[in-house]
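Here is a brief report on side-chain packing.

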Amino acid sequence: MHERPCESVTRDARNLQIGASAVRWDGDVLEIDIEERDTRLFNPVHRRVAGKVRVHPEALNPASFALDPAQNHIWHCMAPRATVEVDMEEPGLSWSGQGYFDHNRGREPLESGFNVWHWSRAHMKRGAVVCYEGERGDGSVFASAIRFDAEAIPVEVDLPAIAQLPRSRWRVERRTRSEIGMARVRKTWEDTPFYARSELASKLYGEEVIAVQESLDMRRFASPAVQFMLPFRMPRQGG
């Protein structure tokens with residue numbers, strides 16, 4: 001992950017080029033070409049990171065959802081379920097499995113719109129469930145559970161009970177939803193001062209599920225200490 005100037009970014013309806021990396025949509029498959037260097041500060045090796053990722057949606061959802069009354073922040077789950085193929089050249093790794101494809105867009109920075117949010121997604125026997133909740137920058141709260149059928153049609157359903165999770169190693173508060181009010185962290189994949197991403201075991205709508213969960217604290221993100229540390233993790237590149 002690098003920050004890049006606007007002249008290094010080009011896009012049209014089906015293509016996005018960021019530096020030497022690119023994303024393409026051909027109507028059926030999302031292809032991601034990765035061509036980067038690990039140029040984090042204090043890393044003298046600058047190892048090449050290169051490969052291709054293909055995302056094959058099982059079905060596409062055309063509907064997006066506003067996360068605030070002014071519609072400054074929009075969430076769109078394009079593919080609640082997908083098959084993902086990863087073929088890396090450097091390092092030499094490859095795998096495939098089930099995945100998911102969404103994005104957020106907005107008219108203001110995330111730290112202006114939100115204090116915290118918690119998100120989770122679980123594949124069901126048919127379709128998928130996404131639970132999304134948090135606190136906006138003005139202190140108001142939001143929470144919803146959306147169930148997608150096999151054709152990716154979304155329907156809002158009753159929210160399961162809150163299931164508190166142990167804080168991450170960086171002490172980020174984590175939360176999810178489970179119909180029994182209990183969930184277990186199987187593994188934490190990403191753990192930073194303001195963000196944690198984990199794999200959970202829980203129960204939703206009568207099914208035992210494995211869920212992906214994330215918690216984001218934008219108050220921490222906006223703090224001077226974290227802003228000072230960010231360039232060490234995500235350096236600025238000129239091209």
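How many aromatic pairs does the count come to? The model is predicted, and the count comes to eight aromatic pairs.

## Aromatic pairs

Tyr-132 and Phe-142 form a tilted pair. Their ring centres are 6.1 Å apart, with 55° between the planes. Tyr-132 sits in strand β10 and Phe-142 in strand β11, so the pair ties together parts 10 residues apart in sequence. Tyr-132 is buried at 3% relative accessibility. Phe-142 is buried too, at 12%.

Phe-194 and Phe-221 pair edge-to-face, at 5.1 Å centre to centre and 70° between the planes. Phe-194 lies in the loop between β15 (184-191) and β16 (195-204), and Phe-221 in helix α2, so this pair links parts 27 residues apart in sequence. Both residues are buried.

One aromatic cluster is formed by Phe-65, Trp-75, Phe-114, Trp-117, Tyr-132 and Phe-142.

## Nonpolar cores

The largest nonpolar core has 20 residues. Trp-75, Trp-119, Tyr-132 and Phe-194 touch the most other members. Elements giving two or more residues to this core include β7 (73-90), β9 (114-123), β10 (128-136) and α3 (224-233). A second, separate core holds 12 residues, among them Met-124, Ala-145, Leu-165 and Val-209.

Beyond four places in sequence, the contacts of Trp-75 include Trp-119, Tyr-132, Ile-146 and Phe-148.

## A loop residue

Ala-150 lies in the loop between β11 (141-148) and β12 (154-157). Ala-150 counts as partly exposed because its relative accessibility is 33%. Leaving out residues up to four places away in sequence, Ala-150 touches Ala-59, Arg-126 and Gly-127. The C-alpha atoms of Ala-150 and Asn-115 are separated by 33 Å.

Key
Residues are numbered from 1 along each chain as its sequence is written. This is a predicted model: local features need pLDDT of at least 70, side-chain atom pairs count only at pLDDT 80 or more; totals for chains, interfaces and linings use all residues. Side-chain values use heavy atoms; hydrogens and water are left out. Helices (H or I, at least four residues) and strands (E, at least two) are DSSP runs, numbered from the N terminus. Buried means under 20% relative accessible area, exposed over 50%, partly exposed in between (1.4 Å probe, protein chains only). Contact means heavy atoms within 4.5 Å. A nonpolar core is a set of buried Ala, Val, Leu, Ile, Met, Phe, Trp, Tyr and Cys residues joined through side-chain atoms within 4.5 Å. Rings of Phe, Tyr and Trp (its six-membered ring) pair if their centres lie within 6.5 Å; planes under 30 degrees apart count as stacked, over 60 as edge-to-face and the rest as tilted.
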